[in-house]
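Let's take a walk through this structure together.

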Amino acid sequence: MGAVVVEQLVKDFSGVTVLQNINLDIEEGEFFALLGPSGCGKTTTMRCIAGFEQPTDGIIKIGDETVNDIAPNNRNCGMVFQSYALFPHMNVFDNVAYSLNVSRLKSSNPLKKMGIYTRMLNSKLAKYPKDIEEKVNDILEYVELEDHAKKLTSELSGGQQQRVALARALVMEPEVLLMDEPLSNLDQKLRHSMRNTIRQIQQDLKITTIFVTHDQEEAMSMADRVAVMKDGEILQIGTPTDLYSHPQSPFIADFVGKSNILDGKIISRDNGDAVVQIGEQSVKSFSNIEKEDVQVVIRPESIDLVDENSRNYDNYFEGTIQFATYLGSTVRYDIKVGKYQLIADTVYESGDNIL
Ligand code: ADP
Ligand code: MG
């Protein structure tokens, strides 16, 4: 399995820079997510790693090898796309066997013309060598599609098509698995169960995986580490807990989970803590930034609601509850505090009064 290193990657399209100075150091066997809003450059980054796009500048390494000049099919990357990109006229088995067979024919047959292979593969007479047949059957069993091998992919559900796409990538035993928004076309329930399936496969095979998504919950629940991208740049890389607890910018705080963001000024410091003036109130906060004008992030679940008589908190704000929304296991309160509208999530236990 290979580590993936991206150094100072730049990509221009007709003079417009869409990726600037992307640096990634993805460890062998790691599940790494690229997270960011639509248009920020996630797919372009993946396509540069896979070899479908040539970087304008920068270096891409897979394993110990610099792959900039290596053709996509020799980079040993398996790719799964949002659209699945299956062959609709072929059955499940043939879809999964296709690449294996092409690479076998290419390496063994002196006639190196794609057209000939394709015709051979499409022919009803095409027979697979025994080892290919076994390998495909094994992988179909692994993704629980063995009973659907002879069906056309167009006859399958979205989740099943997704598993065919996964099987097709995995059957080549790639060093690196690249997945570009693979769950976006699935309904919500299926998306949750496919998260677990993909995570399980990744852990079983210990395959270095780069997973692209615009869905923060998906990235945070699946990946060992997450890189957050915006406008062609990487803003922060960290474990999910790292990003959640120590966002380095308001954008990250807002993008990764819900947050209340308040403007303040640091008025004194004590080791890692700072006293921050926010309007009329002052609060204590963890801080490692030098400047005085700061933004304070308060996660909704970190707010306790107390009545006016129990003010013995370090960080205390007075506010008025405007709405309470019952969300099942939690209740979300919208609270007006000065010029801010804060949200607070409290755990709901049956019998609790909702204020
Ligand atoms: P994401 O996957 O994060 O949604 P993309 O990598 O697809 O973003 O796109 C990043 C930016 O690059 C977008 O502004 C997009 O319009 C532009 N872009 C992507 N591919 C091309 C292309 N082949 N030619 C010109 N512009 C492109
Ligand atoms: Mg994309």
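The residues in the shell around ligand 1 split into three nonpolar, six polar and one charged. Here Ala, Val, Leu, Ile, Met, Phe, Trp, Tyr, Cys and Pro count as nonpolar, Asp, Glu, Lys and Arg as charged, and the others, Gly among them, as polar. Keep in mind that this is a predicted model, where local features need pLDDT of at least 70 and side-chain atom pairs count only at pLDDT 80 or more, while totals for chains, interfaces and linings use all residues. Residues are numbered from 1 along each chain as its sequence is written, and chains are lettered from A and ligands numbered from 1 in the order in which they are written.

So who sits around the ligand? The shell of ligand 1 consists of Phe13, Val18, Gly36, Ser38, Gly39, Cys40, Gly41, Lys42, Thr43 and Thr44; a residue is near a molecule if its C-beta atom, placed from the backbone, lies within 6 Å of it. Helix H1, residues 42-50, gives the most to this shell, with three residues. Helices (H or I, at least four residues) and strands (E, at least two) are DSSP runs, numbered from the N terminus.

H1 itself is mostly covered, with seven of its nine residues buried. Buried means that 20 or more other C-beta atoms lie within 10 Å of a residue's own, with C-beta atoms placed from the backbone; exposed means 12 or fewer, and partly exposed is in between. The buried ones in H1 are Lys42, Thr44, Thr45, Met46, Cys48, Ile49 and Ala50. Just after H1, glycine 51 takes a positive phi of about 100°.

Which strands pair with E3? Two strands pair if DSSP finds at least two bridges between them. E3 pairs with E8 (residues 208-213) in the parallel sense over five bridges, and leucine 35 stands opposite threonine 213 there. E3 also runs parallel to E9 (residues 225-230), joined by four bridges, with phenylalanine 32 opposite arginine 225.
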